[in-house]
Amino acid sequence: MPVIEMKHVTKDYGYGRGIFDVSFEIKKGEVFGFLGPNGAGKTTTIRHLMGFSKPHEGELSINGKDCWKAAAIIKYDVGYLPGELAFPKNMTGDQFIKFMAEERQITDMTHTEELKNIFELDTSEDIKEMSLGTKRKLAVVTAFMHNPSVLILDEPTSGLDPVMQERFIQFILNEKANGKTILLSSHIFSEVDATCDRIAIIKDGVVVSTIEANQLKQSTNKAFKIEFSSFQDYQTFLEDTKFTIPIKRPDQNQVKLNLTDEKMQQLFIELSGVKVNFISEIKFTLEDYFMDFYDRKKTVAAGEENLQHGLH
Ligand SMILES: Nc1ncnc2c1ncn2[C@@H]1O[C@H](COP(=O)(O)OP(=O)(O)OP(=O)(O)O)[C@@H](O)[C@H]1O
């Protein structure tokens with residue numbers, strides 16, 4: 001049984017806004033990335049998983065429990081870090097932590113202390129006087145102090161400095177190693193790349209692709225940039241080549257082309273008759289894959305897309 005399951009969930013806010021027929025499953029121990037720009041529908045999806053909002057259509061469950069009907073019970077299994085923070089007024093960090101511990105019936109504060117140390121959180125200040133970064137750290141500590149088995153993170157590193165961002169990524173990886181199931185919404189490619197096993201790309205409320213992170217890393221499609229020693233070599237190559245050359249830079253005697261591993265030998269044969277200054281591989285990244293979807297006008301149905309790509 002998947003730990004998190006969404007089946008054909010639609011919430012239509014009108015005027016094309018909302019989420020439409022969103023489906024995915026997250027297995028135990030998996031880190032699932034939900035990638036999309038502002039307004040794509042990430043927060044709406046997460047709010048439905050947290051039971052804050054009832055879908056117009058479809059079903060959502062966490063650990064087999066309906067997210068809307070069993071919201072009050074589910075929260076004990078889930079650590080939720082919201083994108084926008086809201087704290088009670090007139091409390092210090094310590095008071096808020098105590099309040100949350102009572103709310104969750106936590107008596108052993110060892111794990112909370114560990115989290116405070118990891119994130120170097122000073123809880124003595126009044127919350128209203130805390131910097132945004134400190135408030136985010138307080139949110140992190142209180143979201144995970146009950147050591148939940150499921151983590152739902154809505155743009156978790158926004159507002160954290162680079163050192164703390166890195167520490168947060170390490171925290172996610174440790175939690176993953178401990179068998180936690182994690183949903184991470186983000187528009188930061190590097191953190192998704194560093195942590196996720198699978199990634200869904202959401203566009204205009206629709207999941208347009210779901211990919212295994214390994215699929216990207218092991219893609220046999222490669223892109224190369226070649227610079228020839230002279231314009232003569234550049235021209236000779238272009239006249240003789242059997243490859244399609246999508247990008248030509250005569251001013252720099254350069255070309256860019258895409259090829260699969262099997263075609264590599266042919267490229268070297270063609271290059272043996274000309275002089276080159278260098279040949280460099282252009283790495284295909286998650287960002288390239290993502291931009292491919294956002295560059296395109298049409299929406300691609302989930303699963304239909306191969307890792308075919310052009311140069312950007
Ligand atoms: N309660 C609501 N009423 C009406 N429209 C809403 C509501 N909540 C969200 N929307 C709309 O649904 C769309 C998706 O918003 P959502 O906040 O889920 O996007 P997001 O991907 O989380 O973006 P961001 O990164 O900006 O938080 C947007 O067009 C938003 O304006």
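## Overall make-up

The protein contains eleven helices and 14 strands, where helices (H or I, at least four residues) and strands (E, at least two) are DSSP runs numbered from the N terminus. This is a predicted model, in which local features need pLDDT of at least 70 and side-chain atom pairs count only at pLDDT 80 or more, while totals for chains, interfaces and linings use all residues. Residues are numbered from 1 along each chain as its sequence is written, and side-chain values use heavy atoms, with hydrogens and water left out.

Along its principal axes, the C-alpha trace spans about 75 × 45 × 35 Å. Of the 312 residues, 48% count as buried, a term that stands for under 20% relative accessible area, as against over 50% for exposed and partly exposed in between (1.4 Å probe, protein chains only). Where contacts (heavy atoms within 4.5 Å) link residues at least 6 apart in sequence, 68% of them join residues at least 24 apart.

## Surface and charge

The protein has 37 positive and 46 negative charges, whose mean positions are 2 Å apart. Lys and Arg count as positive and Asp and Glu as negative, with His and the chain ends not counted, and the place of each charge is taken as NZ of Lys, CZ of Arg, CG of Asp or CD of Glu.

Six strands form an open sheet of mixed pairing in the order 6-7-8-3-9-10, two strands being paired if DSSP finds at least two bridges between them. At its edges lie strand 6 (78–81) and strand 10 (206–212), each of which pairs on one side only.

Strand 3 (residues 31–35) runs parallel to strand 9 (residues 198–203), with four bridges between them, and F34 stands opposite A200 in strand 9.

Strand 7 (residues 150–154) is largely enclosed by the rest of the structure, because five of its five residues are buried. In a regular strand the side chains alternate between the two faces of the sheet. Here V150, I152 and D154 are buried on one side of strand 7, and L151 and L153 on the other.

Strand 6 pairs with strand 7 in the parallel sense over four bridges, and V78 has V150 as its bridge partner. Strand 7 also runs parallel to strand 8 (residues 181–186), to which five bridges join it, with L184 of strand 8 as the bridge partner of L153.
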